[in-house]
Amino acid sequence: MVKISIIQLPEAYLSVIHGIKDILEYANDNFKPTFQIQISATAEIIQSKKHPDYMIIPPFRLGPGNHRPLIDARLTLALKKAAARGTIPVSVCAGAFYLCASGLADKNQVTTHWILADALSKTFPAVEVKKDKLLIDNGPFISAAGMTSYQDLALFLINRHMGKAEALTVARIFLINPENRSQLQYIAHNLDLAGTDSVLNKARA
């Protein structure tokens, strides 16, 4: 069995935590049981000496305009210890702040929600933040972009541990696009360009 621990951070988005669990358990029920999923409080993770195959750090509420969250140093240390024992840390959205704070992503590429990408990059300059990517598999760790990219993550895990056919079946059932998508279509761009040229005005429109 592939053991997965999902950290229930304070103010975590429960839709993500239970969404991952629901998709993987659907795959368990309809194909060969493969995933053992446990939702664990932060305190359990800090105190635990277990080493699941994957440890998922979900997104959590940052508050209006607050894109540099306070990080629990005890949890980042627990992530480092788990990784040293063979666990693959996985971040979703704002969870990337914990992944980067642990130092595990230094000199590597990471993705997060595009609106958090600049803050993440400024806070952790040793990390290369790719705001266009929905999911990056670095091997020792995985990062997924915005909140709903947990769906892409679930399909990725099903494809890896069950097979492509199973992943495509689950994608059809849950109405998930299984293609290698990008965040670029969602990013808000500043079109407040200087000038009043008529061609520029048409392009801006």
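Predicted model: local features only at pLDDT ≥ 70, side-chain atom pairs only at ≥ 80, totals over all residues.
User: Is serine 91 buried or exposed?
Analyst: Serine 91 sits in strand S4, which covers residues 88–92. A residue counts as buried when its relative accessible area is under 20%. The relative accessibility of serine 91 is 0%, so serine 91 is buried.

User: Which residues is serine 91 in contact with, leaving aside neighbours within four places in sequence?
Analyst: Contact here means heavy atoms within 4.5 Å. With the sequence neighbours left out, the contacts of serine 91 are Ile57, Ala96, Leu99, Ile142, Ser143 and Ala144.

User: How far apart are the end C-alpha atoms of helix H6, and what span should its 12 residues have?
Analyst: Helix H6 runs over residues 150–161. The expected span is 1.5 Å times one less than the number of residues. For the 12 residues of H6 this gives 16 Å, and the end C-alpha atoms agree because they too are 16 Å apart.

User: Which residue just after H6 takes a positive phi, and of about how many degrees?
Analyst: H6 covers residues 150–161. The residue with the positive phi just after this helix is glycine 163, at about 140 degrees.

User: Which element supplies the largest share of the lining of the largest pocket?
Analyst: The largest pocket has a volume of about 450 Å³. Its lining has 22 residues, with Ile45, Ser48, Lys50, His51 and Pro52 closest to the centre. Strand S1 (2–8), strand S2 (35–41), helix H2 (42–47) and helix H3 (73–84) each give at least two lining residues. The largest share, 5 residues, is from H3.

User: How many residues in the lining of the largest pocket are charged?
Analyst: Asp, Glu, Lys and Arg count as charged. By class, the lining has 9 nonpolar and 6 polar residues, and the charged ones number 7.

User: Which helix gives the most to the lining of the second largest pocket?
Analyst: The second largest pocket holds about 340 Å³ of space. Among its 14 lining residues, Asp152, Leu155, Pro178, Glu179 and Asn180 lie nearest the centre. H6 and helix H7 (164–174) each supply at least two residues. With 4 residues, the helix that gives the most is H6.

User: How many residues in the lining of the second largest pocket are nonpolar?
Analyst: Pro and Leu are among the residue types that count as nonpolar. The lining includes 3 polar and 4 charged residues, while the nonpolar ones number 7.

Note on methods: Residues numbered from 1 in each chain as written. Heavy atoms only, no water. Buried < 20%, exposed > 50% of the residue type's maximum accessible area, 1.4 Å probe, protein only. 1 Å grid on protein atoms, 1.4 Å probe; cavity = no way out; pocket = protein on both sides within 12 Å on 5 of 7 lines; lining within 4 Å. Points joined across faces, edges and corners; volume = space filled by probe spheres on them.
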